[in-house]
Amino acid sequence: MTTTYVRLKNRRGNKADLPKPLAEGELGFALDTRELYIGGGSQSDKNRMVQVNNYVNAQLSVQSDLDNRLTVFKLAGTESFLGDGVNANTLTLKGGTLSIPTGAAISSTSNFYVTKYDLDNFPTILDPSTYSMGNIGASTFDFTFTSTNIPEANTVIVVTKWTETTTRSAIATALPLLESDAGLANNQIFIDYTTGTGFVDISSDYTQSQAKTNLEALDHISTADENDNLNILGNVTDLPFPARKLTVDGDLKIDLDSQDQAVRMSAFLNNSQGSTTATVANNIKIYTQDSKPTFESNQYVSNTHLLKSTIAHSTSNQVMSSFAVADNNTLFVDYSVKYDTAHAVGQLRVISDGTNAHFVDDRTETDPTSDVTFSVAINSGNLELRVSNGGSSNSATVSYILKRWLTQ
């Protein structure tokens, strides 16, 4: 009898190139980081979440990038409706035809992105052969599915009416300080056509208000939000996701609207924070000896993961960090200070009963840094960590990491 030996290999490649998601039970090996993943299948909730790696100050550092580097927008004229499993012209369920945003082209179905969310809210961009357009007027048109592709009852159809090329070009024109190549590879512009939303990495080139004003001047953009009020997530009417801010929760997850958003958000964070910061949460990660985080081995903290505050001279009570005191009333802050040629290192221990806040500053210095002082206060339900610089000429830089929890 002849014996045949077969070698089975699993998915492999650089971490960024592994499928998102891997098929259920499929193995994926990241050759560059030597990490191993197991696919969790569709698992829709996980597919639209970003998992941030657990490193020092991860939640604060990532939230800072979300708050300060991103401006989120909604594409003008994005509409949605529910399938009923019966009608080919499903738009009659809403009693009307789709409108055309000013400046949008409707010469062919290639100018549209049509997504179907299944009953598990998993999105699939539909091929143009599954639907057609008719009765094209000055500002409206009919949208009809072929008889074999009628959306099932309670599925959600999202229609976005801008091409990727025209949208990227318009945003790059409105925000000319972006890199000349404003493509995804440079993590500058992100467009999610499964929900008709997107976000722009403004880095340090713009203020939030400048970016918001410039984006909303486009025909393409109907809503743009500064990051103190990011509420367009979940803005597709027929999807069950509530409108919410873009936040990193205590489990270091970011809840988004779609798998496409999660993939793009992971790409942004891996650019802004470091190449292995974030992944889509649906692939289950198995640590190997080579992929164990460096800080777990020797507590090395890179500049990327340090929080920093620069305090100008003659500045009082500048807020370094702020947390809801109902959730965080205990802080340990390890810090270092550079003040002119002097350096200092120390730890702040902070405790609050919800009304009053107290702290101890244990500091060692090379030369006097007494002009740089810390304080804590309760302000509008938040526990604030503050810093002052009483000097008359030199600014100070404070680098720090912190741990926080609720003492009950």
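A polar contact is here a pair of N or O atoms within 3.5 Å; within protein, one atom must be able to donate a hydrogen and the other to accept it, and residues adjacent in sequence count only if both atoms are side-chain atoms. The model is predicted, so local features were taken only at pLDDT of at least 70 and side-chain atom pairs only at pLDDT 80 or more, while totals for chains, interfaces and linings use all residues. Residues are numbered from 1 along each chain as its sequence is written, and side-chain values use heavy atoms, with hydrogens and water left out.

Two side-chain contacts involve strand residues. Helices (H or I, at least four residues) and strands (E, at least two) are DSSP runs numbered from the N terminus. Ser 80 belongs to strand E6 (residues 79-82), and its side chain is joined to that of Asp 238 by a polar contact of 3.0 Å. Relative accessible area was classed as buried when under 20%, exposed when over 50% and partly exposed in between (1.4 Å probe, protein chains only). Ser 80 is buried because its relative accessible area is 6%. Thr 71, in strand E5 (residues 70-75), has a relative accessible area of 0% and is therefore buried. The side chain of Thr 71 makes a polar contact of 2.9 Å with the side chain of Gln 208.

Grid points are joined across faces, edges and corners, and a volume is the space filled by probe spheres set on the points. The largest pocket has a volume of about 590 Å³. Its lining comprises 26 residues, of which Gln 59, Leu 60, Gln 63, Ser 64 and Asp 67 are the closest to the centre. Two or more lining residues come from each of helix H2 (58-69), strand E19 (307-311), strand E20 (315-324) and strand E26 (396-405). H2 provides the largest share, eight residues. For the composition of the lining, Ala, Val, Leu, Ile, Met, Phe, Trp, Tyr, Cys and Pro count as nonpolar, Asp, Glu, Lys and Arg as charged, and the others, Gly among them, as polar. The lining of the largest pocket contains eight nonpolar, 13 polar and five charged residues.

Strand E20 also holds Asn 317, which has a positive phi of about 55° although it is not a glycine. Asn 317 is partly exposed because its relative accessibility is 40%. A positive phi, of about 65°, is also found at Leu 252, again not a glycine. Leu 252 is placed in the loop between E15 and E16 and, at 10% relative accessibility, counts as buried. The loop between strand E15 (221-225) and strand E16 (253-255) also contains Asp 249, which is partly exposed at 33% relative accessibility. A polar atom of the Asp 249 side chain lies 2.9 Å from the backbone nitrogen of Lys 253. Asp 249 and Gln 59 are 190 residues apart along the chain, with their C-alpha atoms separated by 7.5 Å.

Helix H5 (residues 259-272) has 14 residues and reaches 20 Å from its first C-alpha to its last, close to the 20 Å expected at 1.5 Å a residue; the expected span is 1.5 Å times one less than the number of residues. The buried residues of H5 include Met 265, Phe 268 and Leu 269. Just after H5, Gly 274 adopts a positive phi of about 150°.

Rings of Phe, Tyr and Trp (its six-membered ring) were paired if their centres lie within 6.5 Å, with planes under 30 degrees apart counted as stacked, over 60 as edge-to-face and the rest as tilted. Phe 332 is partly exposed at a relative accessible area of 24%, and Trp 405 is partly exposed at 40% relative accessibility. Tyr 335 and Phe 374 form a tilted pair, 4.8 Å centre to centre with 55° between the planes. Tyr 335 lies in strand E21 and Phe 374 in strand E24 (residues 372-379), so this pair ties together parts 39 residues apart in sequence. Tyr 335 and Phe 374 are both buried. Ring pairs also link Phe 190, Phe 199 and Phe 268 into a cluster.

Notes: On a 1 Å grid over the protein atoms alone, a cavity is a set of points where a 1.4 Å probe fits but cannot get out, and a pocket is an open set with protein on both sides within 12 Å along at least five of seven lines; lining residues have an atom within 4 Å of a point.
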